[in-house]
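User: I'd like to learn how to read a few features of a structure with you, one at a time. Could you walk me through it?

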Amino acid sequence: MAYEITLLTTMAISVLFALSLNFITGFCGQISLGHAAFMGVGAYTAATMMKASISLLFVIPVAAVFAGVLGLLVGFASLRVRHDFLAITTMGVVFLFVGVVRQQEFLGGEIGISGIQQSVLGRTGFMLLCVVLAGVFAGFSLLVKRSWLGFVFDSIADNEDVSQVLGIDVAKYKLFAFVVGTATAGTAGALYAQHYRFVGPDSFGFVESISVLAMVVVGGIGSVWGVMFAAAVLSVLPLLIQFVDDYKILVYSALLFSMMRFSPDGLAGIVQRLLNRVRNR
Amino acid sequence: MLYLELLFQGIVQGSIYALIALGLTLVYGLLRILHVAHAALFTLGGYIGVIVTNQTGSLALAILAAMIVVGLVGVAMYKLAYEPLLSKPPFIALIASIALFIAAEELFRIIFGPYGLSYENPPLQGGFEIISGFFLKYGEALVIILSILILSVLGWVSGYTRLGVSWRATVTDPDMARAFGVNTQHVRYLNFFIGSALAAVAGVLVALLNNLVEPTMGSVPSYKALAIIVLGGLGSIRGTLLASMILGVIESFGTIYIGHLLDRDALAFGFLIVVLMFRPQGLLGTR
């Protein structure tokens, strides 16, 4: 049972993390190649506080706020630079984050922070907390997608200039998307710190940022169900394909490439096409 | 004396950055694709360079072989991976490119082993004294000379030949170029061939300076080169050269003086972010 609990917790944290990026990239159309930095801010905030024996339930909101504040700063950057320039700027953010953390003694430097104590919830309780948080944010995402806010995001993702002309306060909504997305990533980070009871600079780098973007893209950009499914599967895929052992990463990257090459709109796109075929019959 | 040494280190590093980033700019200028897998071609160049040198003993032959093979692989990559994705949103090609890059790194590891290869008889060892007490290695001198040579030839081709004119026309307006009888398909192939060949030269040179090629040698260039072309102003060749040199020199001085605050990558990206906040189109980019 312990293995299943660990697996489910890992999946729930990944789902929450991927959905948080989906909010920014999928809904609002702002690409980010550095989303792991915000998870990192949350995780480091949480780790430092939990080492000081502060309760997890108090730690999570604080981690979310810290990540959200950094997200607001990067959101301001997104008002200056667009598209590919924004992609590289956010990539810069993750390298800056890792570079700064590495040099800080109080954050454990290269070694990171280990020996975080388990929360009072126990393993099962903690798993439930992760699942509930992921579920709540998924519900919130679905709600936003169907509301007027979803239409506003769609319009911004499609064409910022036209949205501006239509009288949409583009800057405000972009900042909103960044703050919500990054604060949620911070929450996922706090859960990560509690789950692994260790945080290190290598856990929140460029590679992790790409992995989470891969989850969103494989699921189907903007599709809540697709992203949830892809995040759940991809997060444990390396464990599931243990049998290919030495070729694990090769298989993973080949799958990712084939997905982009043959179904660029992700799993959601495949499902949509299948549904259409059934309906047209 | 330390300043001069750091400056030269920066210029050598900058020359290598320039060779790698130039291919990336060529691709971006023409197709608007952030071609991360370019760094895999750089690594491939390094491997071919070491293997051919060890077999034949000739570095010149190795550079030539690396350029041709890697150039062809680059064209194949365009044909198989990018061409079908050109009409899709840009991040699709970006993710596909990242996946290609990871797959290539794994293939290098599986085929050539995780520990890398070295030159059996490393060519161009030793160095010479420029001014008293200041030495430049032959390898480093070769890097600077080859970079200047290659970039001038490229500048001449793009500025003064029929080929260069059709290339620039395709970059500015593909439809118009086609209407005037330019075979844009050939221009794209050539573009990938030249860009990849330049990465191959950089790969051989880096292998020479470190006397080592390893599966992961492309991981730093994979993201650093992106930073450079963005810093220069996407698609701007002069901007890319300028950004390569600036970044090379800044990293060289920065790691000595503020290395205890920020590591090399953080330094480069910190500089990038600051520049972009003031000039969102990059150093020499146009809106």
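Analyst: Gladly! Please keep in mind that this is a predicted model. Let's begin with the fold of one chain. Among contacts in chain B between residues at least 6 apart in sequence, 77% join residues at least 24 apart.

User: Which elements make up chain B, and in what order do they run from the N terminus?

Analyst: Chain B holds 11 helices and 2 strands. Reading from the N terminus, the order is α-α-α-α-β-β-α-α-α-α-α-α-α.

User: What radius of gyration does chain B have, and what would a compact globule have?

Analyst: For 287 residues, a compact globule would come out near 19 Å, and chain B agrees, since its radius of gyration is 19 Å. Along the principal axes, the C-alpha trace of chain B spans about 60 × 50 × 35 Å. As for burial, 54% of the 287 residues of chain B count as buried.

User: Let's turn to salt bridges. How many does the structure hold over all chains?

Analyst: The general idea is that side chains of opposite charge can pair when their charged atoms come close. In this model there are 7 salt bridges over all chains. One of them joins Asp202(A) to Arg102(A), with the closest N and O atoms 3.0 Å apart.

User: Where do Asp202(A) and Arg102(A) lie in chain A?

Analyst: Arg102(A) belongs to helix 4 (residues 83-102) of chain A, while Asp202(A) sits in the loop between strand 2 (198-199) and helix 9 (206-219), so this pair ties together parts that are 100 residues apart in sequence. Asp202(A) counts as exposed, because its relative accessibility is 53% and the cut-off for exposed is over 50%.

User: And in chain B, how are Asp175(B) and Arg178(B) placed in helix 7?

Analyst: They are 3 residues apart in helix 7 (residues 174-179) of chain B, which means a separation of about one helical turn. Asp175(B) is exposed, with a relative accessible area of 54%, and Arg178(B) is partly exposed at 44%.

Another pair in chain B is Lys79(B) with Glu83(B), whose closest N and O atoms are 2.9 Å apart. Lys79(B) is partly exposed at 37% relative accessibility, and Glu83(B) is also partly exposed, with a relative accessible area of 22%.

User: Now the interface. What area is buried between chain A and chain B?

Analyst: The size of an interface is often given as the accessible area lost when the parts come together. Here about 3,500 Å² is buried between chain A and chain B, and carbon and sulfur atoms give 79% of that area. In chain A, the residues losing the most area to chain B are Arg80(A), Phe85(A) and Ile88(A), together 18% of what that side buries. The contact takes 34 residues from chain A and 43 residues from chain B.

User: Which elements of chain A give two or more residues to the side that touches chain B?

Analyst: They are helix 3 (56-80), helix 4, helix 9 and helix 11 (248-262) of chain A. Helix 4 gives the largest share, 12 residues. By class, that side of chain A has 24 nonpolar, 5 polar and 5 charged residues.

Note on methods:
Residues numbered from 1 in each chain as written. Chains lettered and ligands numbered in written order. Predicted model: local features only at pLDDT ≥ 70, side-chain atom pairs only at ≥ 80, totals over all residues. Heavy atoms only, no water. Salt bridge = Lys/Arg side-chain N within 4 Å of Asp/Glu carboxyl O. Helix = DSSP H or I, 4+ residues; strand = E, 2+ residues; numbered from the N terminus. Buried < 20%, exposed > 50% of the residue type's maximum accessible area, 1.4 Å probe, protein only. Contact = heavy atoms within 4.5 Å. Buried area = accessible area lost by both parts, 1.4 Å probe. Nonpolar A, V, L, I, M, F, W, Y, C, P; charged D, E, K, R; others polar. Rg over C-alpha atoms; globule rule 2.2 N^0.38 Å.
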